[in-house]
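Please consult the sequence and model below while reading.

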Amino acid sequence: MGIRELAKHLNISIGTVSRALNGRGDVNPETRRRVLEAAAELGYSPNQSGRSLRQGSTRAIAFMLQAYSGPEPYGEPFFIGLFDGVQEVLARHGLDLIVLLNTPDGDHEAQLRRVVERRLADGILLPWTRRIDPRLDFLAQRRFPFAALGRSLSGGDHPWLDLDFHQAAGTAIGRLAGFGHRRIALGNAGHDLMQGHVLLDGYRQALARNGIAFDEALVQGEEMTEAGGYRLVDALLRRGPPPTALFVVNERMVVGAYRRLNEAGLRPGREIAVIGGMIDSPFSRFLSPALTCFRLSLHDLGVKLAEALLATMPGYADDYGGLVQDLWPLELVPRESDRVPLGG
């Protein structure tokens with residue numbers, strides 16, 4: 001049933017039905033009740049394509065992701081909690097969240113252009129920002145509403161939220177140095193992600209504060225998957241004496257790192273200290289030994305990210321203030337994996 005048939009059934013005008021369905025305040029409450037009840041009873045479904053053309057709005061926000069390569073499913077627990085917070089904010093305004101997943105070797109920039117040029121969404125949320133990121137420049141040039149999860153040198157003065165990787169590196173390295181470790185390796189993010197550059201800078205500064213010389217051989221960037229974690233430890237072990245401690249950016253990587261360390265006879269929590277991951281996920285809690293990691297509220301981060309986007313969009317900006325550019329703090333969760341007091 002379309003809106004014309006619904007109006008005929010109720011013997012009221014199409015305009016009144018439309019205003020009632022859209023929650024307009026100039027409709028009598030009793031009329032709105034009748035319209036909503038009849039719509040539910042008769043199975044009325046709006047023609048969203050026609051509505052989008054008329055209103056110039058899709059009532060949807062796109063979250064764009066690109067899967068990693070390899071046989072593992074995407075499976076990143078970070079985004080599930082984040083989506084919950086994002087959708088909570090969007091639901092306040094009758095907006096929907098759509099997730100667009102690109103293939104590992106897909107052209108992410110081409111996909112982004114299609115979303116913008118076909119107006120498949122009213123705004124875009126972009127994670128995994130790179131140091132130089134043409135996607136952000138494209139969106140800024142087109143004046144298309146967007147917010148980034150991560151910093152970048154691209155995109156001009158745009159809204160972003162980022163985890164405080166610099167602070168996390170300082171906390172982790174300081175803790176490990178306090179246990180006497182001097183050969184502390186870094187398992188970092190690859191693909192020129194901005195978070196990798198920030199984490200490396202924080203790692204170098206934390207080493208210097210603790211009187212430890214930087215050794216490039218103890219730094220390895222990899223894909224943030226279990227296979228990536230396995231490869232990063234394998235690369236570190238091939239370069240010379242193994243580190244006594246390992247700080248890894250992602251908890252999924254730690255699963256693979258544990259496997260390779262055990263193969264080499266370096267038991268985590270016994271022969272080598274490990275700190276890893278920026279969220280306290282099941283990966284962290286159910287590893288053996290349980291992983292010392294960081295913690296944050298993904299729900300609250302998702303809420304703030306959605307509000308940062310809406311603050312740039314006409315019709316919502318007045319509710320959410322000005323430009324958001326903020327670092328999200330991370331709390332250390334101490335467990336058994338890093339309690340390996342060593343010296344020298």
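E6 and E8 run parallel and are joined by 4 bridges; strands count as paired if DSSP finds at least two bridges between them. Here helices (H or I, at least four residues) and strands (E, at least two) are DSSP runs, numbered from the N terminus. Within this pair, alanine 185 stands opposite leucine 246 in E8. Strand E6 (residues 184-189) also pairs with E7 in the parallel sense, over 4 bridges, and asparagine 188 stands opposite glycine 221 in E7.

The model is predicted: local features need pLDDT of at least 70 and side-chain atom pairs count only at pLDDT 80 or more, while totals for chains, interfaces and linings use all residues. Residues are numbered from 1 along each chain as its sequence is written, and side-chain values use heavy atoms, with hydrogens and water left out.

The strands belong to an open sheet of 4 strands with parallel pairing, in the order E7-E6-E8-E9. Its edge strands, E7 (219-222) and E9 (273-276), each pair on one side only. From one strand to the next the twist averages 15°. Because 6 of the 6 residues of E6 are buried, E6 is largely enclosed by the rest of the structure; buried means under 20% relative accessible area, exposed over 50%, and partly exposed in between (1.4 Å probe, protein chains only).

## Helices on this sheet

Helix H9 (residues 194-209) lies across E6, E7 and strand E8 (245-248), and runs at about 165° to E6. Helix H10 (residues 226-238) also packs on the sheet, where it touches E6, E7 and E8, and its direction makes about 155° with that of E7. Contact means heavy atoms within 4.5 Å. Axes are lines fitted to C-alpha atoms, for helices over the stretch in contact, and angles run from 0 to 180 degrees between N-to-C directions.

## The six-stranded sheet

Another open sheet, of 6 strands with parallel pairing, has the order E2-E1-E3-E4-E5-E11. E2 (96-102) and E11 (325-328) are its edge strands, each pairing on one side only. Neighbouring strands of this sheet are turned by 20° against each other on average, direction ignored.

At one end of that order, strand E5 (residues 160-163) and E11 run parallel and are joined by 4 bridges. Leucine 163 stands opposite tryptophan 328 in E11. Helix H5 (residues 77-91) lies across E1 (60-66), E2, E3 (123-126), E4 (146-149) and E5, running at about 145° to E2.

## The H2-H3 pair

Two packed helices are described by the angle between their axes and the distance between the axes. For helix H2 (residues 14-21) and helix H3 (residues 29-42), the axes come within 9 Å and cross at roughly 85°. H2 and H3 are therefore roughly perpendicular to each other, a label that covers 65 to 115 degrees.

Thr16, Val17, Ala20 and Leu21 in H2 meet Thr31, Arg32, Val35, Leu36 and Ala39 in H3. By class, this contact has 6 nonpolar, 2 polar and 1 charged residues. Ala, Val, Leu, Ile, Met, Phe, Trp, Tyr, Cys and Pro count as nonpolar, Asp, Glu, Lys and Arg as charged, and the others, Gly among them, as polar.

## The chain as a whole

The secondary structure of the chain comes to 14 helices and 12 strands. Its C-alpha trace spans about 85 × 40 × 35 Å along the principal axes. Of the 344 residues, 53% count as buried.

Methods:
Angles under 35 degrees count as roughly parallel, over 145 as roughly antiparallel, 65 to 115 as roughly perpendicular and the rest as oblique.
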